[in-house]
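Good morning, and thank you for joining. I shall present one structure, beginning with a salt bridge and ending with a ligand site.

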Amino acid sequence: MPTKVETDSVTGTETTGHEWDGIKELNSPLPRWWIIVLWITIIWAGVYYVLYPTLPGWDGLWQYTARKDLSERLDAVRAGRAAWTDKLAVAPLEEIEADPDLLEFAIAGGRAAFADNCAPCHGTGGAGGPGYPNLLDDAWLWGGTLDAISATIEHGVRWPQDDDTRISAMPRFGVDELLTSAQINDAAEYVLSFSGSATDQAAAGRGREIFAENCAACHGESGGGNREFGAPRLNDAIWFYGGDKATIVQTIAKSRNGVMPAWGGRLDAVTIKQLAVYVHSLGGGE
Ligand code: HEC
Ligand code: HEC
């Protein structure tokens, strides 16, 4: 119920004339600067709505979107690289290594792709770890030539994707009761004797025959390994899973069956070539 405007005796401010149950409203409007800022922001929003893609279906007068901007820049980068990727796509692996410029481009791309896809298992620099082979040294499970490396990357190991996947399975000598635990112990001592680290010579002696009958077909008569089966060399003191007795006993008893994903369906052919060249260049390439 509007009553008359008067001056409040406590604050000295005029009232608006509104009064409820004896409580009167003082007339103290928002500061002018505040109102001006409010209007500026409202006008700003209006202009923004018109210039930029603010509403569904409205691309704005400027026709700018960050998404379009990004894809244009990516196209420009791809166009800049196309000359190289086209060359890589047709060049055989050996030719890439023979051409210093192409090699440099392949290694740069391979290094980036390795960091993205391979480093979680093989380590940032490719040094591996227990169960994940070191890609820097001369010890290869499946071969260290350009073609062998490229085939491992494309088709994977024990990764059922295509007919060229590398497959082999070391038997579980303990779990499947092919050998007793005493025989497994002797075989492990014999394996250790290849690198001169057997501690029980009598056991190692007994292990020789067990090895010849059960293991030599894959690992070779004197533990030289066999790349056809991805069976590691056992006489080089380089260990894939570990060279202490307990680890070797566990490998023989339970087997390991390491899995390397096949990258054929996930990475394009040029990236796989770059990776093969990169891995080959790491130091152990044959
Ligand atoms: C999920 C883990 C994992 C990832 C990711 C992975 N690898 Fe492997 N890789 C393995 C394992 C395990 C082996 C050993 C397989 C075996 O037992 O023979 C292996 C083996 C290899 C070998 C064969 C080594 C030899 O001695 O013959 C090459 C080469 C290789 N990986 C390269 C790559 C590259 C390149 C990438 C990335 C595109 C990659 N790996 C990603 C786990 C992985
Ligand atoms: C069918 C082939 C095959 C037979 C038979 C076989 N192995 Fe293996 N062995 C492999 C393969 C393949 C690996 C690689 C491990 C993996 O990733 O599965 C391996 C790995 C190993 C390793 C681990 C080496 C490392 O560097 O860590 C040891 C030790 C070993 N085998 C010992 C034996 C012994 C001892 C026997 C006999 C009692 C035997 N193997 C029989 C295929 C075989």
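Predicted model: local features only at pLDDT ≥ 70, side-chain atom pairs only at ≥ 80, totals over all residues.

Residues are numbered from 1 along each chain as its sequence is written, chains are lettered from A and ligands numbered from 1 in the order in which they are written, and side-chain values use heavy atoms, leaving out hydrogens and water.

K245 forms a salt bridge with E189, with the closest N and O atoms 2.9 Å apart; the term requires a side-chain nitrogen of Lys or Arg within 4 Å of a carboxyl oxygen of Asp or Glu. This pair links distant parts of the chain, 56 residues apart, with K245 in helix α10 and E189 in helix α7 (residues 181-194). E189 is buried, with a relative accessible area of 2%.

Which residues of the structure are joined into one network by salt bridges that share partners? They are K4, E6 and K24. Within it, the closest N and O atoms of K4 and E6 are 3.8 Å apart.

I turn now to ligand 2. A nitrogen atom of ligand 2 is 2.8 Å from an N or O atom in the side chain of H219. An oxygen atom of ligand 2 is 2.8 Å from a polar backbone atom of N257.

Notes
Polar contact = N/O pair within 3.5 Å; in protein donor to acceptor, adjacent residues only side chain to side chain. Helix = DSSP H or I, 4+ residues; strand = E, 2+ residues; numbered from the N terminus. Buried < 20%, exposed > 50% of the residue type's maximum accessible area, 1.4 Å probe, protein only.
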